[in-house]
Amino acid sequence: TQAKLNQQQLDQVNKLIRAGSVPAGDRLSVEALLSQSAQTIIVAENNYENAKLQLKQLMRIDANEDLAINVPQDIMATLDPDDYNYEDIYNAALKHRYDIVSAGLRGLSAEKSIDLARSGYFPSLSLFGNLATNYSNQAKELRGFDSTLESQEVMIDGTPITISQFVDRPILATPNFGSQLNEFISYGFGLGLNVPIYNQGITKTNVQRAELNLEAQNLAQEQIKETLRLTVQQDLANAKAAKRKLEASKKTLLSQQAALDNVNKKLEIGAANTFEWENQRSQLENAQLSLLIDKYDYIFKTKVLEFHLGKPLKI
């Protein structure tokens, strides 16, 4: 933009020189400004390439990979800070900020820990039971009796006599797996009562420790809320200030543009010199730059408020 304006100014000065309105030496200062603009363009292009390289490094992209930058044409803020007050943003942040939610859950956990510690003061009743069975490959079971005639020779008065009688002998067999489990099954049940009388103050110490932990969690939660309260107040004030600054920058740009148009008209009739025009042009460029900075600063500060409100961060 500067180079184009300088070229236009050089064309205008050449016209005035040909018309005899200004001396030929006025061309030299404008040509110097045009050369300076060309140098500024080269520096800006180098800065742009360096910025792309830094972006690739941040994104862990190879330096030789092509990276196309889509320049946003018109980004506007999607939130007006004047439509919100401190309480609205703060209450919304309490619901959406994960550090607040996690602090509340830690407090609830600390309360449950106190109840668990106090349970050590109360008697405990326990009911237990057992069921067991056995198996052995040496086990035997009676399947019946086998009656056999057995004879035995004895001596009576020196005379051998044979005595016979029927004897019942048991019939044994190895029981199968299922039969043994059923045969050898055993069970037992019991009821136990444990009454705490003295445990070296362990339960009392555990309760006190749990109460201290609850107090610490409550203090930590209040500290987080207080920090959030101050942050929301400051962020809301910053967003409103950025909006006012942006509005002032727009008015300044319009004023500087009107002033430059007025200098251009004076320059055409020889009522102004190139120094005045260059000075006014610089003021216009500064106003344009300030407007651009204030615009994105305002958008950023509104995005901070949207973050507190739990809205997705997107452009």
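Helices here are DSSP runs of H or I with at least four residues, strands are DSSP runs of E with at least two, and both are numbered from the N terminus. This is a predicted model, where local features need pLDDT of at least 70, side-chain atom pairs count only at pLDDT 80 or more, and totals for chains, interfaces and linings use all residues. Residues are numbered from 1 along each chain as its sequence is written, and side-chain values use heavy atoms, with hydrogens and water left out.

**View 1. Pro123 sits in the loop between α4 (98-118) and β1 (124-132).** Which residues does Pro123 touch, once those up to four places away in sequence are set aside? They are Leu193, Asn194, Val195 and Pro196, where a contact means heavy atoms within 4.5 Å. Take Val195: along the sequence, Pro123 and Val195 are 72 residues apart, yet their C-alpha atoms are 4.4 Å apart in space.

**View 2. The whole chain, for orientation.** The chain has 7 helices and 4 strands, and they come in the order α-α-α-α-β-β-β-α-β-α-α. Its C-alpha trace spans about 180 × 55 × 35 Å along the principal axes. The radius of gyration is 50 Å, whereas a compact globule of 315 residues would be near 20 Å; the radius is taken over C-alpha atoms, and the globule rule is 2.2 Å times the number of residues to the power 0.38. Of the 315 residues, 25% count as buried (buried is under 20% relative accessible area, exposed is over 50%, partly exposed is in between, with a 1.4 Å probe and protein chains only). If you look at contacts between residues at least 6 apart in sequence, 75% join residues at least 24 apart.

**View 3. Gln12 is a residue of helix α1.** Is Gln12 buried or exposed? Gln12 has a relative accessible area of 18%, so it counts as buried. Leaving out residues up to four places away in sequence, Gln12 touches Leu267 and Glu268.

View 4. Gln57 is partly exposed because its relative accessible area is 49%. From Gln57 to Asp83 is 26 residues in sequence and 40 Å in space, C-alpha to C-alpha. Arg60 has a phi near 60°, a positive value in a residue other than glycine. With a relative accessibility of 72%, Arg60 counts as exposed.

**View 5. The largest pocket has a volume of about 200 Å³.** A pocket is found on a 1 Å grid over the protein atoms alone, as an open set of points with protein on both sides within 12 Å along at least five of seven lines, and lining residues have an atom within 4 Å of a point. Grid points are joined across faces, edges and corners, and the volume is the space filled by probe spheres set on the points. The lining is made of Thr1, Gln2, Ala3, Ser37, Thr40, Ile41, Glu285 and Gln288. Two or more of these residues come from each of α1 (2-19), α2 (26-58) and α7, and α2 gives the most, with 3 residues. By type, the lining has 2 nonpolar, 5 polar and 1 charged (Ala, Val, Leu, Ile, Met, Phe, Trp, Tyr, Cys and Pro are nonpolar, Asp, Glu, Lys and Arg are charged, and the others, Gly among them, are polar).

**View 6. Helix α7 covers residues 274-308.** With 35 residues, α7 reaches 51 Å from its first C-alpha to its last, close to the 51 Å expected (1.5 Å times one less than its number of residues). Just after α7, Gly310 takes a positive phi of about 85°.

Key: On a 1 Å grid over the protein atoms alone, a cavity is a set of points where a 1.4 Å probe fits but cannot get out, and a pocket is an open set with protein on both sides within 12 Å along at least five of seven lines; lining residues have an atom within 4 Å of a point.
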